[in-house]
Amino acid sequence: MSAAATGRDGAAATRRDWVVHPARAPLAGTLAVPGDKSVSHRALMLAALAEGTSTLEGFLEGEDTCATARILQQLGVRVETPEPGMRVVYGAGLHGLRASAAPLDCGNAGTGMRLLAGLLSGQRFDSVLTGDDSLSRRPMGRVIEPLAAMGARIDSRQGLPPLFIHGDQSLRGTRLRTAVASAQVKSAILLAGLYAEGETEVTEPQPTRDYTERMLEAFGWPVRYGPGWAKLDGGHALRARTVRVPADFSSAAFFIVAASLVPGSELRLRGVGLNPRRTGLLEVLRAMGADIRLHSRREEGGEPVADLRVRHAPLHGIEVPLRHVPDMIDEFPVLFVAAALATGRTVVRGAAELRVKESDRIAVMARALAELGVPIEETAEGAVIEGGGELRGGCVDSRGDHRCAMSLAVAALRAAQPVRVSDCANVATSFPGFETQARAAGMVVETAA
Ligand code: S3P
């Protein structure tokens, strides 16, 4: 791993730019992208609270998930790394965590901070959760308010991190309806619900990824759930287990779009997680004309998984159906790129959540694509993109957002001249080794400090 990707401090201190060259040849080969970020965070947390020793395989060695592992160690949990991509977690039991004198640094990870806010609300001791500059600007009222309704006490800087979580509160099972469709909010409530007296019930305005529910069940906690709702009672126990983490669909997405866009390409992606609450991009790209086939469909660790074969195909614009929005919330930056190179107009609506991700992804992608010559109009909750024109080369700024950086690298494949993408060090938060895999597929990516 490069110096820029060795840890949060390194990444924060280093500005890393890429110069990505237009594709001169088709992309080809078989890739195994890293483990799923959402599953890795949850597996660590539940293993830490379980009775017994859990093994996590295919664990994402990203800065976000490593920050969560460090925090659990600060809270007294023994976590070992016998080899990269594996963790052995010696569960402390539901009531076995210990206070940390130092603040708990979540780095860039919204998932880490929001889920831990729920989990730590149920402890006897106080905790402080902090994050990097990007995370310090992200809204936490969405977890503070429902957790407060359950009896938690969390102070913040007007809804922004750091979060000061007061321990020793009695949590009450509560019926809650989340204001936004957010798996992080739902999960924070469910994790607090483990410590609550009685039944906790969450309903959502639109169904979101259900990894917390599935994993609680796999660790032996009784939970009832369906699309858009979940219920559990406090006071049970979690039992250690082996978790096999599938490859992250969101990381695969960059290569799915890259292969679709570069003439003559054929890429295979091994063991990709296909939880139906994650694969909205598959439906949308197929509706745009993409050639994506699933092979060897199977179940691993309770999650649907398959190998993907993606071939180049001409794409056309689409009005993205609202029902797919939560199921592809992390894939909009790369969808914007596909839309820029598809013939005709693409319209994205109902995606205001993009404005409060690691960056304001609507603004960052609109500015960068406009810089490359794409006619794109920002709207409050999405964008209108007129695709099919020429992309010119130039300099674009990812604003330190990992998914924008990788999406803009994909856009460069179809530009007339090389594209310099600035501020890419945070790619290591979710996709360590992206550059190596991109080169293996045939992309020309130079790094520049
Ligand atoms: C995540 C949920 C999504 C997603 C994030 C991971 C999770 O966020 O954008 O990358 O693991 O629960 P929201 O819950 O805020 O939509």
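Visitor: Which backbone N or O atom lies 2.9 Å from an oxygen atom of the ligand?

Guide: A backbone N or O atom of Gln184 is at that distance from a ligand oxygen atom. This is a predicted model, in which local features need pLDDT of at least 70, side-chain atom pairs count only at pLDDT 80 or more, and totals for chains, interfaces and linings use all residues. Residues are numbered from 1 along each chain as its sequence is written, and side-chain values use heavy atoms, with hydrogens and water left out.

In Ser182, a side-chain N or O atom is 2.7 Å from an oxygen atom of the ligand. In Lys357, a polar side-chain atom lies 2.7 Å from a ligand oxygen atom. Taken alone, the ligand exposes 380 Å², and the protein buries 95% of that (accessible areas by the Shrake-Rupley method with a 1.4 Å probe).

The residues around the ligand (each with a heavy atom within 4 Å of it) include Lys37, Ser38, Arg42, Thr111, Arg209 and Asp330. By class, this shell has three nonpolar, four polar and five charged residues (Asp, Glu, Lys and Arg count as charged; Ala, Val, Leu, Ile, Met, Phe, Trp, Tyr, Cys and Pro as nonpolar; the others, Gly among them, as polar).

Domain 1 (5–35 + 246–448) and domain 2 (37–244), with bounds from an automatic or database domain assignment, both give residues to the shell, so the ligand lies between them.

How values were computed
Polar contact = N/O pair within 3.5 Å; in protein donor to acceptor, adjacent residues only side chain to side chain.
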